[in-house]
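Dear colleague,

Please find below the sequence and structure that I am handing over to you. A summary of what was found follows directly after them.

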Amino acid sequence: MADAFIENYASEANIVINIGAQSESQTKDTVLVDIAAAADVYYFADDQTRELVAAGALQPVQNADAVAAANAQGAVDAATVDGTLYAYPAMGGNGYFLYYNSNIISAEQAATWDGILKACNAAGVKATMEMTNAWYSYGFFAGAGYACALSDDGKTTTCDWNAEGGVNVLQAMLDIAANSAYINLTDGEFVSGAKEGTIAAGINGSWNAASIAEAFGDGYATAKLPTFTLNGEQVQMGSFDGYKFVGVNAMSENVGWAMRLAEWLTNEDNQVYLYEATNGAAVPANTNAAASEAVQANPVVAALAAQSQYATAQSLSVGGNYWTPANALGTIVVNGNPDGLELQAILDECVAGITALVE
Amino acid sequence: MQGHSTGKRRSGFLSRFGTAFFDGDIWVKLSVLFWGLGYFRRGQWVKGVLATLFQLVFIYFLLAFALPNLSMVGTLGKTEYASVYNPDTMKNEVNDYDDSFLILLFSVISVTALIAIAVVLMNIIIESYKLEIDMAQGKHINSFREDVKELFDSKFRLTLMFLPTLGIIIFTIIPLIFMIAIAFTNYDQSHMPPTKLFTWVGFENFLSLFRTIAGDGSSQSSAFGYSFVRVLAWTLIWAFFATFTNYFGGIILSLAINNPRTRLKKLWRTLFIIAIAVPQFVTLLLMRNFFGNLSIVNTICSNIGLTGLLQRWGWITTDYIPFMTNAAWTRPMIILINFWIGVPYLMLIATGVLMNVPQDLYESARIDGANKAQSFFKITMPFVFNVTGPYLVTSFIANINNFNVIYLLTNDYFEAGNLTMAAAKATEVDLLITWLYRLTNDYYNYRMASVIGILVFIVCIFFTLLAFNYTLGKGKEETFR
Amino acid sequence: MSRTSQNVTPKREKKPMTIQQKIALRKVPGDIVRHLILAALAFIWLIPIIWLLFTSFSADPGRNVLRFFPIEYSLNNYQQLLFNPGTVVNFPAWFKNTFIVAVFTCLISSMFVLMIAYTMSCMRFRGRRALMNFGVILGLFPGFLTMIAIYYTLKLMGLTNTHFGLILVYSGASGLGYLIAKGFFDTVPESMLQAARIDGASEATIFWKIILPMSRPIIVYTVISSFLTPWMDFVFANIIIKERIPQYYTVAMGLYRMLDKSSVNIYFAQFCAGGVIVAIPISILFVIMQKFYVESVAGGSVKG
């Protein structure tokens, strides 16, 4: 893509592009240490948008209307801070959904947690969801109607998990965690387990699709997230939706050209190109590209689409202090509340940590 | 020292300067203004030229670098960053903004440089005075060549120490002073240069830490006090166990191997060395995967029924043994893994020491009728303790700052289970220094990180002084001369 | 103590056992137990290393959790690592980078350390004690505190993102680590120094021509330990080498990155292979270093 860009604009300027490898989820660490020395154009995951904007590392998009029109609304919203568009949507589908092995779990069973756990128990295998990762555990509370939202300053989170009835959600989580068919694994461990046949279902994102498809073989199937039992009723799990953006370094020397490059990298053709090159892991955010047949047929995309009605964008819901307390909540759940703390007290403290002022 | 006409008493640097300045003749006094003057008057032309050049460089440095920054150090900058995009030039036009970070850094550098220059200047005055005296007494005045020769002889220490000391000043002292200063500012994620300014807040950071040790969880900083106490406690406990388990383990192992009736000593030693020769970060990352939730060790444990047993006893609530994800298990595991890494190393040191026990002590003991056990406890052990005592102290302090073991084993894998600590971004197995690293790297909370760094330093000083007092009077340097 | 029973001359008739023989025999079960324990301990100590070795030969690129020994063996990992440098993994480049950095670090560091150690040990001057105490105090500050400040200081000099900058970071303040070398120099007899001075040698001559040649053990120890530092550090390397271009990484950085969450399943076996390759020269050097360390510490007074 870079070479094509250079060719395209060869008549106007002499351009040299150096490419470096950076995991999108950690771009902010590399950029924020020394913004001036960071790359001119970089990919990043949407949860870092606000921090990058606050640090002045992102150059506002100049032709925001054109970019907004071409890409999915959700992506555009996530890239907008205080009314200004700060990044070019490159990929969508950075959310999560359910993978399962249809040889062990039927589609019907895959619709509920109870069904999944029962099927796994019967087959002597396990299902996993990384509850200790606040990214995933958000789904339980969100589905039950509790919400986190960004407060006005754009950094602090408001959260009502400890409101009336929140303890029931926590109890539901504890129940699932206590089930012998449930296991808490990281992404990497999920893939290992799938390959070795000890894991039959897992909630995960799109980046592992290829490995899991290989592991489950002909049993490979995806679906939206299951429902869980809350006070005797089935409640659909919510989730986070995520995007990846291309940002332009506001301190770049050649900021105009950098913007052109960013736009180029995220135009419709290149989003399709990236999608094909990564075997479907890079789901396009561009509305036209995403609507193409090839993309629609991808089971990952289908599952994400099915889940998207219950999903909220991460960058609009939670601020910087959400993660560690919510992770800790997950740890308590997974370890089965080892200290025997009162559920309401746990939630109160968790919310206190989440809503703490970002200083 | 070459003869000094004011007598042989060893006077301090400042008093020598005072004497030189006040007792010196007009040339010496004027040398403060024109640095080369004293040398010129006494015939040391080359040095005079050098001194004058040095002065010119100093003036330039002062005007171009030091003054602009020092003048702003009180407020750390007033103009914030603002930029406007100009589509015609395709570039951002930026205002003339102040960068708090650079102001502070350059100020620290300037102050250090100015102090160094002041020292050099005082030395020049002292030397000019000495030249005046020597000339008056008719003593020989060194030519430049002779001065240079002195640098390799009586003043060789200066030549030897110059470069290393420069390195230390640039890479340790200046950054340290800078970071200590940061502890008194509000440099964190909301105040990040170059786009934002930060400013002095005095002792506010420290106060907020201590004021809220009780912890009411209502704001982020109150969780800091709560976490600080706990992290400090674990740091000390860890350092204690890590140091002493390794120490005794190494000694015992070394005794076992060095026992005269043990065969194949070299083989045993080599085997243990192989375990530590693989670089620490490889083995630690390996161990993290070795003991993970879905890992070899867990598989083996469940296969042999250990997991089931522990579940029945109620020791674990999950289907795997949470070696690295549950604080109660992880803490002992860390100490154990550190034991695994450290004991062979201690074994080598202990071997070296044991080989040096003076044999004649044993002989005389045997003649006096002592049996083996008595020899061991009354001769071997005290000797070993004596020689390795200092090592124990340095090891304890090093373990307080043992970043690698904790970070590599638990980062990104172990999540805190304590909500208040999580609010302060600490985990139950963090050392002060891993907490500091996380605050710096992941959350850009440089000010609290500096505060913690300073507190770590105070803790270390405390233990060092304790150790110094204990070993006072033992083992002076000159013993072996 | 080590004189076990000696059967001095073979005798025909059966002699009653000497006391020494009796004691020796009584010790045999103890010996056996001790050897068994040693064997068991050595085995336990080596288990992870064995796992490392075997996994590096595994055909499965990810982690192996169900079985200790890999299901299939292959040399693929080594081949990939050594001969297929890619955009994420570029082991030959890493090795080369680290080697160059290590060589220069070792040169500069050793010089600095020896210079300061000798000065503090063999020379007497005003303020020596004060300087030594100051050095101890400086050493008590945690190194990470200064990471960001060092980064910007290097930036001032335009040296970030370069290997030269990394070399400076590793060796710049190395003078502070002079204690062990000083301990060695402390054993140089004062008389030797005096004799040399009386003979008219300048201090410089004494240092270069007399002291250094006979300080082989400590020089080797200093050289090797400073050579090893860049191989093991990934914290500072991460900060200084900002551009995320794998070609510039050091071995420690590269290996560490192989294990982050998104790549661990693809690269774990290669990580093991990388670990093994790196371990070989390091362990050899380490063993040599230990020998010289023991020699210098236990050497007692230095014979001229």
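In this predicted model, the largest nonpolar core comprises 250 residues. The residues with the most contacts inside this core are B:Phe178, B:Trp238, B:Phe291, B:Trp435, C:Tyr118 and C:Phe271. Apart from it lies another core, of 77 residues, which includes A:Ala134, A:Cys159, A:Ala181 and A:Ala221.

To take one residue of the largest core, B:Phe291 touches B:Val297, B:Asn298, B:Phe323, B:Met324, B:Met333 and B:Ile337, leaving aside residues up to four places away in sequence.

A helix pair in chain B may also be of interest. Helix α1 (residues 13-23) of chain B packs against helix α5 (residues 100-137) of chain B at an angle of about 55°, and their axes are 9 Å apart. On the side of α1(B), the contact is made by B:Phe13, B:Leu14, B:Arg16, B:Phe17, B:Thr19, B:Ala20, B:Phe21 and B:Asp23; α5(B) contributes B:Val119, B:Met122, B:Asn123, B:Ile125, B:Ile126 and B:Tyr129. Of the residues in this contact, 10 are nonpolar, two are polar and two are charged.

Finally, in chain C, helix α12 (residues 251-258) is largely enclosed by the rest of the structure, because seven of its eight residues are buried. These buried residues are C:Val251, C:Ala252, C:Met253, C:Gly254, C:Leu255, C:Tyr256 and C:Met258.

With kind regards

Note on methods:
Residues are numbered from 1 along each chain as its sequence is written. Chains are lettered from A and ligands numbered from 1 in the order in which they are written. This is a predicted model: local features need pLDDT of at least 70, side-chain atom pairs count only at pLDDT 80 or more; totals for chains, interfaces and linings use all residues. Side-chain values use heavy atoms; hydrogens and water are left out. A nonpolar core is a set of buried Ala, Val, Leu, Ile, Met, Phe, Trp, Tyr and Cys residues joined through side-chain atoms within 4.5 Å. Buried means under 20% relative accessible area, exposed over 50%, partly exposed in between (1.4 Å probe, protein chains only). Contact means heavy atoms within 4.5 Å. Axes are lines fitted to C-alpha atoms, for helices over the stretch in contact, and angles run from 0 to 180 degrees between N-to-C directions. Helices (H or I, at least four residues) and strands (E, at least two) are DSSP runs, numbered from the N terminus. Ala, Val, Leu, Ile, Met, Phe, Trp, Tyr, Cys and Pro count as nonpolar, Asp, Glu, Lys and Arg as charged, and the others, Gly among them, as polar.
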